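Hi everyone, thanks for making the time this morning. I'd like to walk you through one structure, so please have a look at it first and then we'll go through it together.

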Amino acid sequence: MKRARNVAAPINAQRFGLTTPCAKTGACADCKSPDTICCQFLITRYSRHKDRIHVILVNDSLGF
(Lines give C-alpha, C1' and ligand atoms only; values in the text may rest on other atoms or scores of the structure.)
Protein backbone atom coordinates (compact mmCIF):
# COMPACT_ATOMS: atom_id res chain seq x y z
CA MET A 1 0.00 0.00 0.00
CA LYS A 2 2.93 2.31 0.69
CA ARG A 3 4.18 1.91 -2.88
CA ALA A 4 0.69 2.32 -4.35
CA ARG A 5 0.20 5.61 -2.50
CA ASN A 6 3.68 7.10 -2.78
CA VAL A 7 4.84 5.92 -6.20
CA ALA A 8 2.01 4.76 -8.46
CA ALA A 9 -0.76 7.13 -7.32
CA PRO A 10 1.15 10.39 -7.86
CA ILE A 11 2.36 9.29 -11.28
CA ASN A 12 -1.11 8.17 -12.36
CA ALA A 13 -2.77 11.28 -10.91
CA GLN A 14 -0.40 13.43 -12.99
CA ARG A 15 -0.96 11.26 -16.05
CA PHE A 16 -4.75 11.57 -15.77
CA GLY A 17 -4.61 15.31 -15.06
CA LEU A 18 -6.26 15.00 -11.64
CA THR A 19 -6.29 17.83 -9.12
CA THR A 20 -4.99 16.00 -6.06
CA PRO A 21 -2.19 17.03 -3.70
CA CYS A 22 -0.09 14.06 -4.84
CA ALA A 23 -0.41 15.13 -8.49
CA LYS A 24 1.02 18.52 -7.53
CA THR A 25 3.70 17.46 -5.03
CA GLY A 26 4.51 13.90 -6.09
CA ALA A 27 3.90 12.57 -2.57
CA CYS A 28 0.82 11.19 -0.85
CA ALA A 29 -0.99 13.67 1.41
CA ASP A 30 -3.60 11.18 2.64
CA CYS A 31 -6.21 13.40 1.00
CA LYS A 32 -9.95 12.96 0.70
CA SER A 33 -10.09 14.85 -2.59
CA PRO A 34 -12.99 14.01 -4.94
CA ASP A 35 -10.30 13.15 -7.52
CA THR A 36 -8.36 10.84 -5.19
CA ILE A 37 -6.89 7.89 -7.04
CA CYS A 38 -5.99 5.74 -4.03
CA CYS A 39 -9.35 5.64 -2.26
CA GLN A 40 -9.78 1.86 -2.35
CA PHE A 41 -7.48 -1.05 -1.58
CA LEU A 42 -8.39 -4.71 -1.85
CA ILE A 43 -6.68 -7.34 0.26
CA THR A 44 -7.51 -10.98 -0.33
CA ARG A 45 -6.43 -13.00 2.67
CA TYR A 46 -7.92 -16.35 1.77
CA SER A 47 -10.17 -17.91 -0.86
CA ARG A 48 -12.70 -20.49 0.24
CA HIS A 49 -12.91 -21.84 -3.30
CA LYS A 50 -9.98 -24.02 -4.28
CA ASP A 51 -7.99 -22.94 -7.37
CA ARG A 52 -9.99 -19.71 -7.73
CA ILE A 53 -7.01 -17.39 -7.30
CA HIS A 54 -3.71 -17.72 -9.11
CA VAL A 55 -0.67 -15.57 -8.45
CA ILE A 56 1.86 -15.11 -11.22
CA LEU A 57 5.20 -13.60 -10.27
CA VAL A 58 7.17 -11.98 -13.06
CA ASN A 59 10.82 -11.14 -12.54
CA ASP A 60 10.79 -8.06 -14.74
CA SER A 61 10.17 -4.34 -14.45
CA LEU A 62 6.70 -3.79 -15.90
CA GLY A 63 5.91 -0.20 -14.98
CA PHE A 64 5.97 1.77 -11.79
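**A short tour of the model**

At 46% relative accessibility, Asp 30 counts as partly exposed. Keep in mind as we go that this is a predicted model.

Let me stay with Asp 30 for a moment. Asp 30 sits in the segment after H2, and its phi is positive, about 50°, although the residue is not a glycine. As a reminder, most residues other than glycine have a negative phi.

Now, what does Asp 30 pair with? Asp 30 forms a salt bridge with Arg 5, and the closest N and O atoms are 3.3 Å apart. In general terms, side chains of opposite charge can pair when their charged atoms come close. If you are counting, the structure holds one salt bridge. Arg 5 has a relative accessibility of 26%, so Arg 5 counts as partly exposed.

That brings us to helix H1, which runs over residues 2–15. At 1.5 Å a residue, the 14 residues of H1 should span 20 Å, and the end C-alpha atoms are 19 Å apart, so the two values agree. Where is the kink in H1? There is one of about 40° at Ala 8, shortly before the proline Pro 10. Ala 8 and Pro 10 are both buried, and so are Ala 9, Asn 12 and Ala 13. H2 is included in what covers the buried residues of H1. After H1 comes Gly 17, which has a positive phi near 70°.

Still in H1, have a look at Ala 4. Ala 4 counts as partly exposed because its relative accessibility is 31%. Leaving aside neighbours within four places in sequence, Ala 4 is in contact with Ala 9 and Phe 41. For a sense of scale, Ala 4 and Pro 34 are 30 residues apart in sequence, and their C-alpha atoms are 18 Å apart in space.

Phe 41 comes up again on the surface. Together with Met 1 and Ile 43, Phe 41 forms a nonpolar patch there, and the three share about 350 Å² of accessible area. Ile 43 lies in the segment after helix H2, which covers residues 21–25. Is Ile 43 buried or exposed? Ile 43 is exposed, because its relative accessible area is 67% and the cut-off is over 50%.

Let me finish with a residue on the other side of the cut-offs. Ser 33 is found in the segment after H2 too. At 15% relative accessibility, Ser 33 falls under 20% and therefore counts as buried. Which residues does Ser 33 contact, leaving aside neighbours within four places in sequence? They are Thr 19 and Thr 20.

That's the tour, and I'm happy to go back to any part of it.

Definitions and conventions. Residues are numbered from 1 along each chain as its sequence is written. This is a predicted model: local features need pLDDT of at least 70, side-chain atom pairs count only at pLDDT 80 or more; totals for chains, interfaces and linings use all residues. Side-chain values use heavy atoms; hydrogens and water are left out. Patches are made of residues with over 30% relative accessible area and no salt bridge: like charges are joined within 9 Å, nonpolar side chains (Val, Leu, Ile, Met, Phe, Trp, Tyr) within 5 Å. Accessible areas come from the Shrake-Rupley method with a 1.4 Å probe; for residues, only the protein chains shown count as cover. A salt bridge is a side-chain nitrogen of Lys or Arg within 4 Å of a carboxyl oxygen of Asp or Glu. Helices (H or I, at least four residues) and strands (E, at least two) are DSSP runs, numbered from the N terminus. Buried means under 20% relative accessible area, exposed over 50%, partly exposed in between (1.4 Å probe, protein chains only). The expected span of a helix is 1.5 Å times one less than its number of residues. The bend at a residue is the angle between axes fitted to the seven residues ending there and the seven starting there. Contact means heavy atoms within 4.5 Å.
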